[in-house]
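Subject: Structure handover and notes

Hello,

Here is the structure we talked about, followed by notes on what was found in it. Please read the notes with the coordinates open.

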Amino acid sequence: MTRRTLVIALAALTTAALVTLRALDAQTPPAGDHTAHLKAWDTHKTLAQASPYKAMTWSYLGPTNISGRMTDVAVADHGESRRLYAGSCCGGAWASDDLGQTWQPIFENQASTSIGALAVAPSNPDILWIGTGESNIFRSSYTGVGVFRSTDNAKTFQHMGLTDTGTIGRIVVHPTNPDIVYVASAGQEWMENPMRGVFKTTNGGRTWTHVLKISAKTGVNDLAMDPKDPNTLYAAAWQRQRRKWNDPRVEEGFNESLIYKSTDAGKTWTKLTNGLPPSNKSGRIGLAVAPSNADVVYAFYDNYECDTRAASPDAQGRGANPGGSAARCPIIGNQVYRSNDKGASWTLMSGQGDAQRAFMKGMSNTYAWVFGNIRVDPTDENTIYTLALGVSVSNDGGKTFRRFGGNMGGDNHAMWIDPKNTKFMLSGNDSGFRVTTDGGATWRRANLPTETFFDIAFDMDTPFHVIGSVQDHGSYRGVVDIRNGRDNLKPVPFENAPGGEYTTHEIDPRNSNIVYSDKLSRTDLSIPAAPRGGQPGPPAGAAPAGAGAQAGPRRTTNILPAVEPGEDPLRMQVLAPILLSPHDPDTVYFGAQSLYRSKNRGDTWEKLTQDQSYNDKSRIGDIPHQLIITISESPKKKGLVYTGTDDGRLYLSIDEGKEWTELTSRLSPKKEWIGKVLASKYDEGTVYVAQQGRYDEDFAVRLYKSTDFGKTFKSIAGNIPGGPINMIREDPDSPNVLYASNDFGVYVTTNGGARWEVLGGNLPSVNVMDFIIHPRDRMLVIATHGRGAWTIDVSAFKNR
């Protein structure tokens, strides 16, 4: 096909194609319909049972030397024994019957394995409640589908409703009546919804009453019960909205974040304001009542009032505003307030003196919306713990704080203190679960297999390696060794690899030592690493990054494209795409708001496009957005390149980037995140596109194929029960075999998408973010966000 013919063909979008796409839209569930997600899981289970590939088994690869983000902990006291529970952000719930030495999954096959809250009934340790949907609102948080209850010591679970809540911050069970339960719903992450506030059941979850309803923008993230009077409750309301371009900050017009109190078991509520920050300046709030003195209540505030003593950030960003780029002034940040009269009045306790003010400001740095829990020692009303970047402790009621816990890990979300022995404590943070028996002097980590990968890449070594980035850990490399068999591979520790916690990777297929990563660098693993403390940067006055190769061998070279004078700074997704050309591995593509190409491994760059996003200035904030998120060059034709953006634009160039055609209007719906674009290796005109609805609370399956260079698209979603689709790839040897992943698992089709089957029979429910199929060894390896890396033998699909 000539270039002129192709341009004419691209311009000839038919009415019939538009009608078809509109019809597909009409069949999808509305945004925010978590019931549809729940039903999709039921269909997935049915497909899994009937799959002709259910006898195929997945092998967990690891990494065995790290773990993943924990959101809550709980303890069931059975008298002579105790059962520990740990909830993962994205990898289900786990139980230990030997004080954390060994663990078993108890909640891994559900529509959502994102855990927001755990609660054991105080009067019956066999009853465990699980609230799904992490309420910390990370940039990699996942939706929930309501609450579940077990009455048999976590052997089985029953869904008990509240499906559309989205995220659950806390569950509180009545101390003597296990049928009375309160649930704090923070609401859906990406859209306003009415299922926010406090819900109550008096019949074990058969029915619910919305006892505290504030607005569709404001939920309740924390809930505390008076230990002496179960009719008295305190609720922390949080008005928040996650946006694609901004974290959930206090926005102009917000005025609903405050503390509520009920003294009649939730029938009526009173606002508590005396001595507390104003509601229009309040962010996330944590609550705790002192078990030893119910008159004492603590509140851990993220205060958005202007800090008149703060200095402006310097050129290096030191002194960054905790309120984010949208705040009009440097904000105060974390504060601790105390009430000695059950919330009638409050006193600011923390931040007395310059040193303590600085300590409090650094407690959460710019991330106070991620943390915000507070705990009180069961026997001492003056000893309190704040959970943030680290854990901090005060022994004087909040007047002075110091760091606590030594090696307990960072980004803290959960803590339990034994009321019988306060030296025995449990902790949950981004690096996993920990236990101490000596009051925090030392901590033992349990490496639960809940690692949170973002991407995965492979090399051509024998045996081959995979590299991926892991949230809050960095990048890791592990071996996939099939020399002793292709099934039941044993999990292994992974080693450190180039790149940070948010990065994509590309590995030179000719030389496995050359790794591209980390927005943007090129690493040569054959060169010894720099001494501990990091490799020094270029000397003052050196050429800018990307201007040319640096003299002398360097293990890691910064190859970020330089910005020309007068141009906007580079905006890069945290997972900014890197692509090595299938025709020449020295050719590197890199996506920011524009597409860049280097033909000499990143030493010099050419800018191939202008800003390919909508570039809506009102949507530029703390989170990089309106950027290229996926790139694909046709393996059949050099220079035939597709790009997709996170604000829903799709482009094609057939002439090595000289001219570009926008294909966005060919897709449905318009302006939805282009999760993946994949040019076929078998046919020049074929391309696959997966649209990602996660960031619109949209769980439709949006998976398309074009055989005419994007002139028209048809859905190949087939019988895949639910979205979003995270990844699609072709089989390396079989044109009709495709693989796709969603938040439930992996699917395979042998007829080009007419019908899909669940791949394998033992994979837990988890978000499969990325996967590869090794072309030589034919092992498919997945990067999950919650259960680490897994592999399965797909040699049976060769030449199908």
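D264 is partly exposed, with a relative accessible area of 25%; the class covers values between buried, under 20%, and exposed, over 50%, using a 1.4 Å probe and protein chains only. D264 sits in the loop between strand 16 (259-262) and strand 17 (270-272). Helices (H or I, at least four residues) and strands (E, at least two) are DSSP runs, numbered from the N terminus. Between the C-alpha atoms of D264 and H174, which are 90 residues apart along the chain, the separation is 13 Å.

This is a predicted model, in which local features need pLDDT of at least 70 and side-chain atom pairs count only at pLDDT 80 or more, while totals for chains, interfaces and linings use all residues. Residues are numbered from 1 along each chain as its sequence is written, and side-chain values use heavy atoms, with hydrogens and water left out.

Backbone points

Two cis peptide bonds may be worth a look when you set up the model. One joins G62 and P63, with omega about 5°, and P63 is in the loop between strand 1 (59-62) and strand 2. Another joins K519 and L520, with omega about 10°; L520 belongs to the loop between strand 35 (514-517) and strand 36 (521-524).

L99 has phi of about 60° although it is not a glycine. L99 lies in the loop between strand 4 and strand 5 and counts as partly exposed, at 40% relative accessibility. For L162, also not a glycine, phi is near 55°. L162 is in the loop between strand 9 and strand 10 (168-173) and is buried, with a relative accessible area of 7%.

Sheets

Strands count as paired if DSSP finds at least two bridges between them. Strand 8 and strand 9 are joined by 2 bridges, and R149 stands opposite Q158 in strand 9.

Another open sheet of 4 strands runs 18-19-20-21, also with antiparallel pairing. Its edges are strand 18 (282-289) and strand 21 (347-348); each has a single partner strand, so one side of each is left without a neighbour in the sheet. Strand 18 is joined to strand 19 (residues 297-306) by 6 bridges, with A299 in strand 19 as the bridge partner of L287. Helix 4 (residues 354-364) lies across strand 19 and strand 20 (331-339), at about 105° to strand 20. The angle is taken between N-to-C directions, from 0 to 180 degrees, with axes as lines fitted to C-alpha atoms, for helices over the stretch in contact.

Strand 14 (residues 218-225) is mostly covered, with 8 of its 8 residues buried. Strand 14 pairs antiparallel with strand 15 (residues 233-239) over 7 bridges, and G219 stands opposite W238 in strand 15.

Cores

A nonpolar core is a set of buried Ala, Val, Leu, Ile, Met, Phe, Trp, Tyr and Cys residues joined through side-chain atoms within 4.5 Å. The largest has 37 residues, and Y85, I106 and L703 have the most contacts inside it. Elements giving two or more residues to this core include strand 5, strand 7 (124-132) and strand 47 (687-691), while helix 3 gives the most, with 4 residues. A second, separate core of 21 residues includes V737, V768, F771 and L780.

With neighbours within four places in sequence left aside, I106 is in contact with residues including Y85, W94, L128 and F157, contact meaning heavy atoms within 4.5 Å.

Rings

The structure holds 17 aromatic pairs, counted for rings of Phe, Tyr and Trp (its six-membered ring) with centres within 6.5 Å; planes under 30 degrees apart are stacked, over 60 edge-to-face and the rest tilted. F107 and F148 are an edge-to-face pair, because their ring centres are 5.0 Å apart and their planes are at 75°. The pair links strand 5 (residues 104-107) with strand 8 (residues 147-150), 41 residues apart, and both F107 and F148 are buried. Ring pairs also link Y53, Y739 and F797 into a cluster.

Y614 has charges over its ring: R649 at 4.3 Å from the ring centre and K671 at 4.7 Å. The criterion is NZ of Lys or CZ of Arg within 6 Å of the ring centre and within 35 degrees of the ring normal.

Regards
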